[in-house]
Amino acid sequence: MKLAIQLAYRNLMGAGLKTWLNVGILAFTFLLIVFYNGFMDGWNAQAMRDSVAYEFGEGHYYHKDYDPKDPFSIKDGHGIIQVDNLTNVVPILIRQGSVYPDGRMMPVLLKGIPAKQSILDLPTSYLQSDEETIPAIIGKRFAKASRIQEGDDVTIRWRDQNGSFDAVTIHIAKVFDCDVPTVDAGQIWLPLYPFRSLTGLDYQSSMFVINKEFDREQYPDWNYKSQEELLKPLKMVVDSKKAGGSIMYVLLLGIALLAIFDTQVLSIFRRQKEIGTYVSLGMTRSQVVKLFTVEGAMYSIMAVIAAIIVGVPLFYLISQSGITIPQSSQTTSLSISEVVYPKFTLSLIATMILLVVLAATMVSYLPSRKIAKMDPVQALKGKIQ
Amino acid sequence: MNTLYFRILLIGIAIYFQQGIDAQTTTAMDPVYILEQVDANMSAKNRIIHAKMTVHGRRKSRTIESKSYSVGRLKSYSEYLAPAREKGTKMLKLDNRLWIYAPSTDRTIQLSGHMLRQSVLGSDLSYEDMMEDRSLLELYDAKLIGEETVNGRETWVLELRAKVDGVSYTKRKSWIDQERFVPLKEELYAKSGQLLKMIELSEVSRVDGRWFPQKMVYKDMLKKGKGTEFYIVSIQFNASIPDHYFTKAILKS
C-alpha cells in the first residue's frame, strides 16, 4: 500500500497541470458543498433560536376554537385560562382590526400581551405607560410596510365582542428589530389588560405561551403544541431548501468526478507500457488496479488538503462576520435575520470529506478494472487492447 | 241667530283643524315616528339596484357599475358591469358569509375576518359596510336633539344609540328631511365616540311611492380622500327575484 501511495504521488506530481486542474475543481466543489450546508445550518439554528425566543417559548396552548392557520377562528377562539400560577405563562388575546397610518387603511392583527411578561423576548416593557394614550409596539417589517415610526400616534379600529366598531388612538412606543415575521408582519402588540377591556373580553385569551417550569397538565378547552411541533414546519422549509440547493452542488461534484473519470480512462489508455512494465516486474494485476485507484483517490485527498488550506481561514472569517441577507429576502414569511452566521460543524466537514473521497475513489476504480483484463505482453508492446 | 250658529261652527272647525295640525306635528316630532317613516322609505323586503360607484383615489377617480339583488338583510348578490377590469366580478352574501368570484382567475373565494374590513375596490365602503342593512328602528333608540338646515332643507337631528348587541355603529347622528323622512346626512361613531364615517345623501326622488336618495357620498373619516360616491341609476323595491340568485352556483354562471 505504501508503495502504491508513493508511486501514485509521484505520478500525480509528474502529470503537472492536469493534476492541479482536477484537484482545483474538486476542492472548489468541496468548499461550495461545505459552505452551502454551513449556511443552511446557520440559518436553521438562528431561525429556531429566534422563533423560540420571540414566539414559541417552550410551547403553546391554543383555545379549542382557535386555529392559528384559520383566520375564521379568531372571532370566537378565546376563553379563560384556568391556571393558578400565571408566572409561567404568557396569555395572548388576538383580534382583527384596521390601522390608519397617515389616512391609509391597513388590516392588522391586534395582539394583547402582558407588559410584564418575561418568557418571550418581545420588548413588552414598553407597553407599560401612565399616559392616557395606549402604548403599542410593532416590528420593523410592519413599521416599514405601514410607514409608521416610533413615537407616532395612529388610530386603530376593531369590532368588540358584540360586533360593534370601536376605535382609539395608540402611541407607538417601540419599533422592535426581530427576525421572526410571524410576530411582526401585519401585527400590533398592545397591553393585554386595557386591550381586554376595550374589546369587552375580560379575562379572555386566544392562546398562551409557556416556559419550562410550566406544569403541562391537560386543560380540556386548550390544545397543546410542543416547541418541537411548532418548530417542525420551519425545519421542513430549511430541509426542503437544503435539498433544492443540493442539486447545484451534486451537478458540480458530478463534473469534478467526471474529470477524474476521464483522466483515469485516458491514463489507462496512454500508460499501457507502464502497466505492462509493472506486471513484468512482479506486480499482480490487482496491485496495479489498486495503484490507479489510489491515484484517483489521491486527487480527492489533495483537493481536501487544498480546500482546508483555503477554507479554514475563509470560513472562519465568514462565520465571524456573517453573510448579509438582502432586504428583499427578509420580507418573506420565513425567519431570516439581516446577517446569517454559517455554522460549520466537524460532523458536517467530516461527512463532506468522506463523500468526496469515496466518490473520487469509486470513479477511479471503475475504469481501472480494465487493467485486470490486460495481456501484459500486449501492454508492454503498447498495443491498444 | 243663523250668523251666531255659523260663527260657532266656524270656530269649531278651526279648533278641530288646529288640534289636528298640532297632533300631526307632535307625532311627526316623535323620534320613533320619524324612524318608522325613515324605515318605510329606506327599507324594503327586497330590492334590485343598478348603481354606479365613483371611487376618488389620490391621483384619479374611477367609476364602477354594478347591479345588486337583495332580499331582507341576509341575502345579497351583486354583479359588476363596468369597467372592463371589474366586469363579471360577482359577490354573494348569505347571512354573515361573503363570497367573491373573479372571472380573471375563474375562482371563488370566501372573505372573512380582517378581509371583510378591507375596502371594496378601493372605496370608502368595507365589505362589512355593504353587509350592514338592518332597519334603524330595530337597532336604535332615537332622541331628537335639534333641527338644522341641510342643503336648503329643514331637518330633524336625531341621535341614535344602539339598543341591541351586535350593531356595527353604537351611535349615529342622522339629519332627517322634515318633509320627506329621508336622511340627508349621517355620522357614524365608534363605541369610544370617535367619528368613523360620514354619509351625505341627496337627489331625493319618488320611487314606487316612497322617497329615496339617488346619490350617497360615503366618507371614511379615518382615511384621507374625497370619499366614495354611490349613484343609483335605477331601483326596484319588492320585485320578484328568483331563489337561485342566492346560491353559490350563480357565481360561476
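Select chain A and look at its contact pattern: of the contacts between residues at least 6 apart in sequence, 79% join residues at least 24 apart. The model is predicted. Chain A contains 10 helices and 13 strands. With the C-alpha trace displayed, the chain spans about 100 × 45 × 30 Å along its principal axes. Its radius of gyration is 32 Å, whereas a compact globule of 385 residues would have one near 21 Å. Colour the chain by burial and 39% of its 385 residues come up as buried.

**Stop 1: H7 and H9 of chain A**

Select residues 285-321 of chain A, which form helix H7, together with residues 346-368, which form helix H9. The two helices pack at an angle of about 150°, and their axes are 8 Å apart. Angles over 145 degrees count as roughly antiparallel, so H7(A) is roughly antiparallel to H9(A). The crossing of this pair is right-handed.

Now show side chains at the contact. From H7(A), pick Val289(A), Phe292(A), Thr293(A), Glu295(A), Gly296(A), Ala297(A), Tyr299(A), Ser300(A), Ile301(A), Ala303(A) and Val304(A). From H9(A), pick Ile353(A), Val356(A), Val357(A), Ala360(A), Thr361(A), Val363(A), Ser364(A), Tyr365(A) and Ser368(A). Coloured by class, the contact of H7(A) with H9(A) shows 13 nonpolar, six polar and one charged residues.

**Stop 2**

The crossing is right-handed.

Which residues of H5(A) meet H7(A)? They are Ile260(A), Gln264(A), Ser267(A) and Ile268(A), and on the H7(A) side they meet Phe292(A), Gly296(A) and Tyr299(A). This contact of H5(A) with H7(A) has four nonpolar, three polar and no charged residues. Phe292(A), Gly296(A) and Tyr299(A) also belong to the contact of H7(A) with H9(A).

**Stop 2: H5 against H9**

H5(A) passes H9(A) in a right-handed crossing.

On H5(A), select Leu253(A), Leu257(A), Ile260(A), Phe261(A), Gln264(A), Val265(A) and Ile268(A). On H9(A), select Ala359(A), Ala360(A), Val363(A), Ser364(A), Pro367(A) and Ser368(A). By class, the contact of H5(A) with H9(A) has 10 nonpolar, three polar and no charged residues. Ile260(A), Gln264(A) and Ile268(A) of H5(A) take part here and also meet H7(A).

**Stop 3: two loop residues with positive phi**

Go to Asp102(A), in the loop between strand S3 (89-100) and strand S4 (106-113) of chain A. Its phi is positive, about 50°, although Asp102(A) is not a glycine. Is Asp102(A) buried or exposed? Asp102(A) counts as exposed because it has 11 C-beta neighbours inside 10 Å.

Next select Tyr203(A), in the loop between helix H4 (192-199) and strand S9 (204-205) of chain A. Phi of Tyr203(A) is also positive, near 70°, and the residue is other than glycine. With 12 other C-beta atoms within 10 Å, Tyr203(A) is exposed; the cut-off for exposed is 12 or fewer.

**Stop 4: chain B**

Switch to chain B, which has five helices and 13 strands. Of its 253 residues, 30% count as buried. Among chain B contacts between residues at least 6 apart in sequence, 42% join residues at least 24 apart.

Zoom in on the loop between strand S3 (75-82) and strand S4 (90-94) of chain B, where Pro83(B) is found. The peptide bond from Ala82(B) to Pro83(B) is cis, with omega near 0°.

**Stop 5: where the chains touch**

Show both chains and select the residues in contact between them. How many residues does the contact take from each chain? It takes 21 residues from chain B and 21 residues from chain A. On the side of chain B that touches chain A, six residues are nonpolar, 10 are polar and five are charged.

Notes:
Residues are numbered from 1 along each chain as its sequence is written. Chains are lettered from A and ligands numbered from 1 in the order in which they are written. This is a predicted model: local features need pLDDT of at least 70, side-chain atom pairs count only at pLDDT 80 or more; totals for chains, interfaces and linings use all residues. Two residues are in contact if their C-beta atoms, placed from the backbone, lie within 7 Å. Ala, Val, Leu, Ile, Met, Phe, Trp, Tyr, Cys and Pro count as nonpolar, Asp, Glu, Lys and Arg as charged, and the others, Gly among them, as polar. Axes are lines fitted to C-alpha atoms, for helices over the stretch in contact, and angles run from 0 to 180 degrees between N-to-C directions. Helices (H or I, at least four residues) and strands (E, at least two) are DSSP runs, numbered from the N terminus. Angles under 35 degrees count as roughly parallel, over 145 as roughly antiparallel, 65 to 115 as roughly perpendicular and the rest as oblique. A crossing is left-handed if the near helix is turned anticlockwise from the far one by less than a right angle, and right-handed if clockwise. A residue is buried if 20 or more other C-beta atoms lie within 10 Å of its own, exposed if 12 or fewer, and partly exposed in between; C-beta atoms are placed from the backbone. The radius of gyration is taken over C-alpha atoms; the globule rule is 2.2 Å times the number of residues to the power 0.38.
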